[in-house]
Amino acid sequence: MKILVLNAGSSSQKSCLYEIGEFLPDSPIPPIWEGSIDWGTTQAKITIKVSGHIKTALLPSSNRFHALKNLILTVIQGEHSVVESLKEINRVGHRVVHGGRRYQQATLITPEVEAEIERLIPLAPNHNPCHLEGIAAIRQILEDVPQIAVFDTAFHAQIPQSIAAYPIPYKWYEQGIRRYGFHGISHQYCAKRAAHLLGCELDKLKIITCHLGNGASLAAIRNGISINTTMGFTPLEGLMMGTRCGSIDPSILIYLLKNQGLSTDELNHILNRESGLKGIFGKSGDMRDVLASWTAGDEQAVLALDMYIERLKSAIGAMTATLGGVDCLVFTAGIGENSAVVRQLTCNGLGFLGISVDHNLNEGVSSDIDIATPDSRVRIFVIHTQEDWEIAAECWWLTLHHGNSYN
């Protein structure tokens, strides 16, 4: 089965083509084709990767449909083509950030599903519109190929009501104002991968997954089920992030609206785009820039990193309390996978939980490795998150369970 995966964002489009046989392998397999689009103001940059060969091209227009069509056609055209006809593609899987309360698993995309994704745009304004664009484009390019939505919120659907509900009027909860959680595809993949690396059954483990990228969240996973997470009604809640503030006193917002003359749009922009690491460091929200200045002793960089680590440690403590202990701590995504400093500082402050990191292993990380010392009570993994593979696997399982009804 050939499954095309689309992972759309506001500034980029990632795509992969997987070929999965009769049985789903225990470990991820590499895609037979990878493509991406970086959207520019006047041009779109297309990158194709096949068997280690990389090719880039610039399109004269940043029209999204035109760029996506050109990207997908490279599957059958040019020196790096991998199939003879687009008709060989059996399924298309889409990462969809917000599925609300209705969609708690991978779902065949129908007009009703599209309408719900559109209705949820106010809760994911930077992502859900891009997903809808991709769905509409694939309908034109690949016509009748079944499309499947894999929701980032679905993995957190079983969070207990006592955690999902906010301490505000209950009628608001009934209207859908609740903790949804995000990065679910990554958290789900990393939990399964950690269990595989440990040689344990997933349903016997207590795992905390730390998805630390420009956006960041934790998940407390017990018996393979997410029972708590740091992001909430929107991706703004929780940890201090690259440009997002994370959790703050809500009265600050009331104060700024009443006394500083800010509009709701201005406030939204500041909290999402000008806060977090960028708000404190000032020059950038990129952890690499913060760490470079931190090494040089820049005071704002030192403060930004201290705040980031303190909030991360506190959140790990909260997740541990929810789980009643922890067997495995996982670091993933851009910062989690690549910053030895962040991992070291975080683990140094969690020794009371039995967490002990091996400095040499931590410094020499490649991917999917246990960096804990032999006597650490908690295993510490650095895992390369593979959301695209997880989406393909979800599409494979859904097709297996529904058979020809999805043809």
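**Entry 1: the open sheet**

I began with an open sheet of six strands, ordered β11-β10-β9-β12-β14-β13, whose pairing is mixed. Strands here are DSSP runs of E with at least two residues, helices are runs of H or I with at least four residues, and both are numbered from the N terminus. I count two strands as paired if DSSP finds at least two bridges between them. At the edges I found β11 (225-229) and β13 (369-370); each has a single partner strand, so one side of each lacks a neighbour in the sheet. I then followed β13 to strand β14 (residues 379-382): the two run antiparallel and are joined by two bridges. I369 has V382 in β14 as its bridge partner.

**Entry 2: ground rules**

I note that this is a predicted model, where local features need pLDDT of at least 70 and side-chain atom pairs count only at pLDDT 80 or more, while totals for chains, interfaces and linings use all residues. Residues are numbered from 1 along each chain as its sequence is written, and side-chain values use heavy atoms, with hydrogens and water left out.

**Entry 3: domains**

I looked up the division of the protein chain and found domain 1 (2-151) and domain 2 (201-382), with bounds from an automatic or database domain assignment. Their C-alpha centres lie 29 Å apart.

**Entry 4: a hairpin**

Next I checked strand β4 (residues 44-50) against strand β5 (residues 53-59), and they pair in the antiparallel sense over seven bridges. I48 stands opposite K55 in β5. Two residues lie between the strands of this hairpin, and S51 takes a positive phi near 50°.

**Entry 5: aromatic rings**

How many aromatic pairs does a search of the whole structure find? I get five, taking rings of Phe, Tyr and Trp (its six-membered ring) with centres within 6.5 Å; planes under 30 degrees apart are stacked, over 60 edge-to-face, and the rest tilted. The ring centres of Y103 and F151 are 5.3 Å apart with planes at 10°, so I log this pair as stacked. The pair links distant parts of the chain, 48 residues apart: Y103 is in the loop between β6 (91-96) and β7 (107-108), and F151 is in strand β8 (residues 147-151). Both Y103 and F151 are buried, that is, under 20% relative accessible area; exposed is over 50% and partly exposed is in between (1.4 Å probe, protein chains only).

W396 and W397 have ring centres 5.2 Å apart and planes at 90°, so this pair is edge-to-face. W396 is buried at 7% relative accessibility, whereas W397, at 39%, is partly exposed.

I also found the charged end of R178 over the ring of Y180, 5.4 Å from its centre. The cut-offs are NZ of Lys or CZ of Arg within 6 Å of the ring centre and within 35 degrees of the ring normal.

**Entry 6: R95**

UniProt (unreviewed entry) places a "binding site" at R95; its positions are given in the numbering used here, feature names are shortened, and annotations may be inferred rather than shown by experiment. I located R95 in strand β6, and its 12% relative accessibility makes it buried. Beyond its neighbours within four places in sequence, R95 is in contact (heavy atoms within 4.5 Å) with residues including H127, H131, D152 and E387.

**Entry 7: E337**

Is E337 buried or exposed? E337, in helix α12 (residues 333-338), is buried, with a relative accessible area of 15%. Not counting residues up to four places away in sequence, E337 touches several residues, among them R343, H384 and V382, and I recall V382 as the partner of I369.
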